[in-house]
Amino acid sequence: MKPGRNDACPCGSGKKYKRCCMNRVSKLHAELFDDVEQMVAMNPNLSLDELNVVMQHKVQERNNCSHSDFCGLSSTQMANWLYAPFDELQWVTMSTPDDLSSSPVMRYLALILDEAMQNEGSFKATSKGNLPAKLVKLASGLLPQFAVSQFERDISISDFAGSNEDKFNALHYARILAEIAGIIYRRSGRYHVKKAAQKQYQVHGLQVFFKPMLEATITQYNWGYFDGFDHEVNLQTFWLFMLWRLQGHGNVGQLIDEMETAFPDLLREFPSGGYFSPKQNLSLLIESRFIDRFLQFWGFVTIDPRRYVNGEAVARKVQIQPLLTQTFQFTINT
């Protein structure tokens, strides 16, 4: 819903809309119409169809201009990143790394596939429908091989280890993604690897499932599945913009500021007057859903979970892992 003149500005500045961003929007509209008026003054005999062509050209010209609120992206580029299908994204190349050993999600998938392949394509699930204890133990044993292990001091509460799948979030996440991606399915108390997936795995190895699993993460998986937040904010729409910014500077606080500037309406999705401000709620969602349970589960980044050291607040920064830069190559010139 478009804010009224006297409503609070959706950017969260605390000012009324008419004294904040409304002027900026109005200025853009005014500049566009000024350009058209000049064109009409110079060409008074333009027909309506010709005038429409001029308008379309001017709009396209402005949409292709770099926008400071979008960290230098144009409106055209931003629209592609927000709304284009996964396989039609531009200004980024997504590659499958040769070595996936540093990715928890892909290593867990390999364990699931290997267990099934050793048993004619399937294995028995637990009575709750989870992965068997044998497989969970093998997955827990992989933790020291992942970069995130430097922060996992208490294995009993780790997302990357556990005695059963219910308490082993990263493994549970990988299993769900494999089902969403159409690689495995559960039937009659057993997990099965689809026949086509078995052949693909035998011929091409684990790499063949990297992009299908990634696409399932972005387009189908519910990012709010693990947490108890009441806020139905679809961060997946903004995943590529957030990834681009974080890969560039690694600063979580700066990312939150950039998201607030680029998408001020996001703050309107959160209630005001609660214990946390709308911006703090946005920060919590981005850290938990995007950084912790997407980027870390995949092995793209690590982040120190400590927010205070010796009583002092510390800046939240991610450590970019090689897997991230091997997977995503951006071609944005800003």
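Q: What makes E287 buried?
A: E287 has a relative accessible area of 5%. Buried means under 20%, exposed over 50%, partly exposed in between (1.4 Å probe, protein chains only). E287 is therefore buried. The model is predicted: local features need pLDDT of at least 70, side-chain atom pairs count only at pLDDT 80 or more, and totals for chains, interfaces and linings use all residues. Residues are numbered from 1 along each chain as its sequence is written, and side-chain values use heavy atoms, leaving out hydrogens and water.

Q: Why is the contact of R316 and E287 called a salt bridge?
A: The N to O distance is 2.8 Å. A salt bridge needs a side-chain nitrogen of Lys or Arg within 4 Å of a carboxyl oxygen of Asp or Glu. The pair therefore qualifies.

Q: Where do R316 and E287 lie in the chain?
A: R316 is in the loop between β7 (312–313) and β8 (318–320), and E287 is in helix α11, 29 residues apart.

Q: Why is R316 called buried?
A: R316 has a relative accessible area of 12%, so the buried label applies.

Q: How do you know that E179 and R175 form a salt bridge?
A: Their closest N and O atoms are 2.6 Å apart. That meets the cut-off, so the label holds.

Q: What separates E179 and R175 in helix α6?
A: They are 4 residues apart in helix α6 (residues 169–180), so about one helical turn separates them. Helices are DSSP runs (H or I, at least four residues), strands likewise (E, at least two), numbered from the N terminus.

Q: Which residues form a network of salt bridges?
A: E165, R175 and E179 are linked in one.
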